[in-house]
Amino acid sequence: MKKITQIICVLLTVTSMSAQQEKGIMGYNNWLNNWTEFKPNKVEYGEANQILAGNISVNTKLLKRNIYVLQGNVYVTNNAVLTIEPGTLIIGDFETKGTLVVTKGASIIADGLETDPIVFTSNRSQKKAGDWGGLVILGDAPINKFGNAGSYNLDLDPSQTTYGGDNVASNSGVLRYVRIEFAGKRVKGTPGFNGLTLAGVGNKTILENVMVSYSAGDSFAVYGGDLNATKFVSYKSINDDFKFTQGTQCRLFNSLAVRSSYLSSNKDGSRCLEVASYEKKNETDFTKKGTLVVASNITMLNDSENISADIQAGLVKEAVYIAENASLEMKRSVISGFNPAVLLDSKIEINDANLKKIKFEEMFFNLCKGNIFTEYNSNNEDLESWYGNSVFFNVYSQSDNKETFIDILNPKKPDYRLILGKITASSGNR
């Protein structure tokens, strides 16, 4: 009888631990181990012995035994497939601002391993955000611009940068166990490049275990398309961590954004998660779908020694921004250390119809100066009343990050999950 009781106790403990881990990034093991790098400026990557330049118009394979330098704007064209072996290193050239563009119809198979990731990084000895361009993938899935067509120009060849179409299930290849570091070159008169840009990418594309760190633009920028993304990591981006626009339909799962009060921009328009349906209203076809992001088990935190002081100094803005005509459904996620947690576009009328398109359920709001506000409006009683309803199971806390997350200050093996029992021990629904 005693043995049976002990077994029941163990089962109850395991079940409880599992339930308490469901907010924020999850997993019995730390899935950040082995393939991520939180101090990429300390890594010695070696010298390039191969050059990538111009157009890649036939099926091509990059080998782990080589180190490649990406010179200028490199385009994968003509429906070609670029395959990259696990463990391969591609270095973006600083002088020519190397950029890799996978054009519509072409594809990339960058299928790394947990113990042997594929790495895109800078060739400077003192690496900085914006050293090179980034990775751009263009597909033929729907967007909500007129004609279902867009062009990602910047300083690229306009004939090579069209995207959008009617193929929801288009396949641009595989990105798995990939790191992109110090990308996001500036281009005069434009917002500049991002770490990873996905434009018109379809849902047959595999997007798993991708880390973007120290990007001068957005870490992940998604323009239209229909995609599934899991285990995405954005680390200390200058601009947005995740940006969705042009009618994107995205399922984002088990992903992480870590911002810095001193590295990440504190200007308006820079946040962990931005959900918008368009950049220019006059280019948007409103008969098509607006942007919808369904995000679950996301951890978004401001990594700071003194968040309250940083907020007081004006170094911290909102974590999530939702624009007019866009929809966000967020569940079982953590937002820690922002001012406020969520900001709604001032054009969004607060009514039942709109609030049903903006859902926050089973959330853990921690150490934020306010939770959910409308832009330019300091009175958020209606939103607090709505999202604070016990039916949504949202939790509010004011716990220091060091007490809230596992190994948050361990640079070798960061985890960023909630400490077991923290939700039930220190906080409650409001």
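**View A. M330 is buried, at 0% relative accessibility.** Here buried means under 20% relative accessible area, exposed means over 50%, and partly exposed lies in between, using a 1.4 Å probe on protein chains only. This is a predicted model, in which local features need pLDDT of at least 70, side-chain atom pairs count only at pLDDT 80 or more, and totals for chains, interfaces and linings use all residues. Residues are numbered from 1 along each chain as its sequence is written, and side-chain values use heavy atoms, with hydrogens and water left out. M330 sits in strand β24 (residues 327-331). Strands (E, at least two residues) and helices (H or I, at least four) are DSSP runs, numbered from the N terminus. With neighbours within four places in sequence set aside, M330 contacts L273, A295, M300, K359, F360, E361 and M363. A contact requires heavy atoms within 4.5 Å. E362 is 32 residues from M330 along the chain, yet their C-alpha atoms are separated by 8.6 Å.

**View B. K145 and its contacts.** K145 lies in the loop between β11 (134-138) and β12. The residue is buried, with a relative accessible area of 17%. Its side chain makes a polar contact with the side chain of E283, at 3.2 Å. A polar contact is a pair of N or O atoms within 3.5 Å; within protein, one must be able to donate a hydrogen and the other to accept it, and residues adjacent in sequence count only if both atoms are side-chain atoms. Residues up to four places away in sequence are not counted in the list of what K145 touches: G150, Q246, E283, D285 and K288.

**View C. K288 and D285 form a salt bridge.** Their closest N and O atoms are 4.0 Å apart. A salt bridge is a side-chain nitrogen of Lys or Arg within 4 Å of a carboxyl oxygen of Asp or Glu. K288 is partly exposed, at 31% relative accessibility. D285 counts as buried, at 13%.

View D. The structure holds 15 salt bridges. In one of them, E85 pairs with K61, with 3.9 Å between the closest N and O atoms. E85 is partly exposed, with a relative accessible area of 25%. The side chains of K185 and D155 also meet in a salt bridge, at 3.3 Å from N to O. K185 is buried, with a relative accessible area of 3%. D155 is partly exposed, at 38%.

View E. The whole structure was searched, and 0 disulfides were found. A disulfide is a pair of cysteine sulfur atoms within 2.5 Å. C272 is in no disulfide: the nearest cysteine sulfur belongs to C368 and is 9.7 Å away. C272 is buried, with a relative accessible area of 0%. C250 is also buried, at 2% relative accessibility.

**View F. Strand β18 pairs with β16 and with β20.** Strand β18 (residues 226-235) is mostly covered, with 8 of its 10 residues buried. Strand β16 (residues 206-213) runs parallel to β18, and 5 bridges join them. Two strands pair if DSSP finds at least two bridges between them. V210 stands opposite F232 in β18. β18 also pairs with strand β20 (residues 249-259), in the parallel sense, over 8 bridges. There, N228 stands opposite R251 in β20.

**View G. An open sheet of 11 strands.** The strand order is β2-β5-β8-β11-β15-β17-β19-β21-β23-β26-β29, and the pairing is parallel. The edge strands, β2 (55-56) and β29 (372-374), each pair on one side only. Strand β26 (residues 342-344) runs parallel to β29 and is joined to it by 3 bridges. L344 has T374, in β29, as its bridge partner.
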